[in-house]
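Have the viewer ready, try each task, and then read the solution.

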Amino acid sequence: RDNHDIKMLAHLMLSKLAQSAPSAVLAALDSLVDPLKETVTATVKENAVKQEVERNDDVIKSALRAVDAVARVPESETCKRFDDFLNNTVKSGKLLDKFNTIRLEAEMQEHSQTDIMDTSV
């Protein structure tokens, strides 16, 4: 249980770092691919209770939010391992719909924050 909470906090910190210190994220991007890949491809046992399934899904969504934040960093595609992970794991198969939903939510949130800040209307 604690492991999920720690991962979700790490994903949140990575998302914030991608915005505030993108060069630091780019410098470490190669080493972030394996832990992110392990998280987004994690599955629960067939006999898992509903709570375990939901917790695992929450952690996967959290990791995908971090992946989206990193993917928005200019030049993140220059890291071949991250680009391969993004295109071959995240943007394919069963993760594609989840990732697209998360990306859309992030864009809507950015847009609503821009509207709030725009007082010229």
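## Exercise 1: A patch on the surface

Leu-9, Leu-12 and Met-13 make a nonpolar surface patch of about 320 Å². Bear in mind throughout that this is a predicted model.

**Task.** Find the helix in which Leu-9 lies, and decide whether Leu-9 is buried or exposed.

**Solution.** 
- Step 1: Locate the residue; Leu-9 is part of helix α1.
- Step 2: Take its relative accessible area, which is 52%.
- Step 3: Compare this with the cut-off: exposed means over 50%. Leu-9 is therefore exposed.

## Exercise 2: The largest nonpolar core

**Task.** Work out how many residues the largest nonpolar core has, and which helix supplies the largest share of this core.

**Solution.** 
- Step 1: Count the members: the largest nonpolar core has 24 residues.
- Step 2: Look for those with the most contacts inside this core; among them are Leu-64, Val-67, Val-70 and Leu-86.
- Step 3: Go through the helices. At least two core residues come from each of α1 (2-20), α2 (22-40), α3 (50-71), α4 (80-90) and α5 (95-117).
- Step 4: Pick out the largest share, which is the eight residues from α3.
- Step 5: Zoom in on Leu-86. Apart from neighbours within four places in sequence, Leu-86 is in contact with Val-67, Ala-71, Lys-91 and Phe-99.

As background, nonpolar side chains in soluble globular proteins tend to be buried together.

## Exercise 3: An aromatic pair

**Task.** The structure holds one aromatic pair. Classify the pair formed by the rings of Phe-82 and Phe-85.

**Solution.** 
- Step 1: Check the distance: the ring centres of Phe-82 and Phe-85 are 6.2 Å apart, and pairing needs centres within 6.5 Å.
- Step 2: Check the angle. The planes are at 55°; under 30 degrees would count as stacked and over 60 as edge-to-face. The pair is therefore tilted.
- Step 3: Place the residues. Both Phe-82 and Phe-85 lie in helix α4, three residues apart, or about one turn of the helix.

Note on methods
Residues are numbered from 1 along each chain as its sequence is written. This is a predicted model: local features need pLDDT of at least 70, side-chain atom pairs count only at pLDDT 80 or more; totals for chains, interfaces and linings use all residues. Side-chain values use heavy atoms; hydrogens and water are left out. A nonpolar core is a set of buried Ala, Val, Leu, Ile, Met, Phe, Trp, Tyr and Cys residues joined through side-chain atoms within 4.5 Å. Buried means under 20% relative accessible area, exposed over 50%, partly exposed in between (1.4 Å probe, protein chains only). Helices (H or I, at least four residues) and strands (E, at least two) are DSSP runs, numbered from the N terminus. Contact means heavy atoms within 4.5 Å. Patches are made of residues with over 30% relative accessible area and no salt bridge: like charges are joined within 9 Å, nonpolar side chains (Val, Leu, Ile, Met, Phe, Trp, Tyr) within 5 Å. Accessible areas come from the Shrake-Rupley method with a 1.4 Å probe; for residues, only the protein chains shown count as cover. A salt bridge is a side-chain nitrogen of Lys or Arg within 4 Å of a carboxyl oxygen of Asp or Glu. Rings of Phe, Tyr and Trp (its six-membered ring) pair if their centres lie within 6.5 Å; planes under 30 degrees apart count as stacked, over 60 as edge-to-face and the rest as tilted.
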